[in-house]
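Please consult the sequence and the coordinates before reading each solution.

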Amino acid sequence: MAMVTSRLGDHSGTDNALPDGKTNELFLKVFAGEVLTTFEENNLMMPLHRVRSINSGKSAQFPVTGVAAARYHTPGESVYTDQDTPGSGSARDYLSTINHAEKVIWIDDLLISGAFIASIDEAKNHYDVRSIYSTEIGRQLAYTADKNLIRTGIAAARKTTDRFGGTDAQYLGAQIDHSAATGSTAGDKWVDVMFQAAQKMDEANVPSTDRFAMLPPAAYYTLISLNKDAINRDYGNEGNGSVANPGEMISVAGIRVMKTNHMPSANEGSTQHVLSGAPGAVNNTAGASAVAGAGTADSGYSAQDYSTTEALIFQREGLATVKLLDLAMESEYSVERQGTLLLAKYAMGHGALREECCYEVVT
């Protein structure tokens, strides 16, 4: 007579003396929950920009338009026939030519992170490793998303051609020279950089809300420790941080300051950070989610020279992510290999929507 046992992973609630093939369901869900939690806790960039999900396809289109002009009307003139050459900018340019273009963001190849646990090793081990492995798996997916998004923002700031094929500064980001900033201390210079970025955004009609700055920890704490005005209660509200709790600092010049270890700082040469599924890509390394082809000065999260990069300042509308497959987990026991494969994955791509929302701080 078979013994009746309570299987910890059984979701069926039936008599396990009669196997129903569901004895691992609860284990799977617990692990998946750990991956999702770890991703959310370790990822900074995903909540700070536009994210769009698609059910199928290889890319997503974002239509973009320009702005209209306004002119004073001379009584008796026709707005159709009495205007000068359209687009000339003359006093009688009554009708506007509004630019139209599109941004296409491509889905990158499937990004995976996994681990294999041998049954014999797990049996011998005196502590649980599945929660540890799930944490590391989720963390690496989060880190990769952060790195790709930061590089996309830097690429947008470096772009020299606007989305309509011209060079209108109104539609372009810029690099801000940190070494030229004013101030008696290093912290003062960082505050000046923040105000420069805020001014440039205002001049480009970038929304004043949802502005963010991603700084390496050294720069972040320099801003706090060497410029007390950034956290002085007389200069901001009660939630704007303190020396005792620097992690609570909210914003400078209306820009929320955050710290990250994923700011690139070296000339990465030919290192490729993404395998992109662009049409016509050679070995899938054309950087389709970027603002230009790989290897150019304004390509996306492909290899670039970041040896002068110090920080990224951007507004939410500057970047976008298209998700085809959201973060998911798979677990499978292999009889052949006598162990369990734990795998987390997602498929998404990143790109720039409004370059004028992105500014790279350089030396």
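**Exercise 1.** Does Y80 count as buried or exposed, and why?

*Solution.* The model is predicted. Step 1: locate the residue; Y80 lies in the loop between strand 2 (59-65) and strand 3 (100-106). Step 2: apply the cut-off, by which exposed means over 50% relative accessible area. Step 3: Y80 counts as exposed because its relative accessibility is 67%. Step 4: consider the surroundings; together with V79 and L95, Y80 forms a nonpolar surface patch with about 310 Å² of accessible area.

**Exercise 2.** Determine which residues have the most contacts inside the largest nonpolar core, and which elements supply it.

*Solution.* Step 1: this core has 33 residues, and F39, M45, M214, F314 and Y346 have the most contacts inside it. Step 2: the elements that each supply at least two residues include helix 1 (25-42), helix 3 (130-158) and strand 11 (339-352). Step 3: helix 3 gives the most, with nine residues. Step 4: another core, of 25 residues, lies apart from this one and has L215, I255, C357 and Y359 among its members. Step 5: leaving out residues up to four places away in sequence, M45 touches D146, L149, I150, M214, F314 and L319.

**Exercise 3.** Classify H350 as buried or exposed, and identify its side-chain polar partner.

*Solution.* Step 1: H350 is placed in strand 11. Step 2: buried means under 20% relative accessible area. Step 3: H350 has a relative accessible area of 1% and is therefore buried. Step 4: the side chain of H350 is joined to that of T321 by a polar contact of 2.7 Å.

Definitions and conventions:
Residues are numbered from 1 along each chain as its sequence is written. This is a predicted model: local features need pLDDT of at least 70, side-chain atom pairs count only at pLDDT 80 or more; totals for chains, interfaces and linings use all residues. Side-chain values use heavy atoms; hydrogens and water are left out. Patches are made of residues with over 30% relative accessible area and no salt bridge: like charges are joined within 9 Å, nonpolar side chains (Val, Leu, Ile, Met, Phe, Trp, Tyr) within 5 Å. Accessible areas come from the Shrake-Rupley method with a 1.4 Å probe; for residues, only the protein chains shown count as cover. A salt bridge is a side-chain nitrogen of Lys or Arg within 4 Å of a carboxyl oxygen of Asp or Glu. Helices (H or I, at least four residues) and strands (E, at least two) are DSSP runs, numbered from the N terminus. Buried means under 20% relative accessible area, exposed over 50%, partly exposed in between (1.4 Å probe, protein chains only). A nonpolar core is a set of buried Ala, Val, Leu, Ile, Met, Phe, Trp, Tyr and Cys residues joined through side-chain atoms within 4.5 Å. Contact means heavy atoms within 4.5 Å. A polar contact is a pair of N or O atoms within 3.5 Å; within protein, one must be able to donate a hydrogen and the other to accept it, and residues adjacent in sequence count only if both atoms are side-chain atoms.
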